[in-house]
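Let's take a walk through a protein chain together.

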Amino acid sequence: MGRNDLRLLWLALQHPNRPTWLLPATLALGFFALEPFNFAIPVLGVIDDIFLLPLLLHGLAKIAVLTTLPSTSRSRDDRVVSVQ
């Protein structure tokens, strides 16, 4: 699942309709993966690398894909239809 999330995040970063917050959020996630707790307190570093980091990566990839979708691919229920 992590490989697929990384691939989706990479594709979303290269998409021309990507949101402006996506690149800083991806960089913050990368810095979180290399935080000092991984070196100072090994047990805490293992816990966040095993559980928290994949969860954050999956969430960021899902949000990135949903926000880069063009509005034409959304369902017809989202559109407001005016009847005269």
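Start with the surface: the chain exposes about 6,700 Å², and carbon and sulfur atoms supply 70% of that area. Keep in mind that this is a predicted model. On the inside, 21% of the chain's 84 residues count as buried.

Now for the overall layout. Among the contacts with a separation of 6 or more, 60% are between residues 24 or more positions apart.

Next, head for the middle. Which residues make up the largest nonpolar core? There are 9 in all: Leu-9, Ala-12, Leu-13, Leu-22, Leu-29, Leu-53, Leu-57, Leu-60 and Ala-64. Two or more of these residues come from each of H1, H2 and helix H4 (42–68), and H4 gives the most, with 4 residues.

Leaving aside neighbours within four places in sequence, Leu-60 is in contact with Leu-9, Trp-21, Leu-22, Ala-25, Thr-26 and Leu-29.

Finally, look for His-15, which sits in the loop between helix H1 (2–14) and helix H2 (22–33). His-15 has a relative accessible area of 27%, so it counts as partly exposed: buried would mean under 20%, and exposed over 50%. The C-alpha atoms of His-15 and Thr-68 are separated by 7.2 Å, although these residues are 53 residues apart along the chain.

Technical notes:
Residues numbered from 1 in each chain as written. Predicted model: local features only at pLDDT ≥ 70, side-chain atom pairs only at ≥ 80, totals over all residues. Heavy atoms only, no water. Buried < 20%, exposed > 50% of the residue type's maximum accessible area, 1.4 Å probe, protein only. Core = buried A, V, L, I, M, F, W, Y, C linked by side-chain atoms within 4.5 Å. Contact = heavy atoms within 4.5 Å. Areas by Shrake-Rupley, 256 points an atom, 1.4 Å probe, with all protein chains shown as cover.
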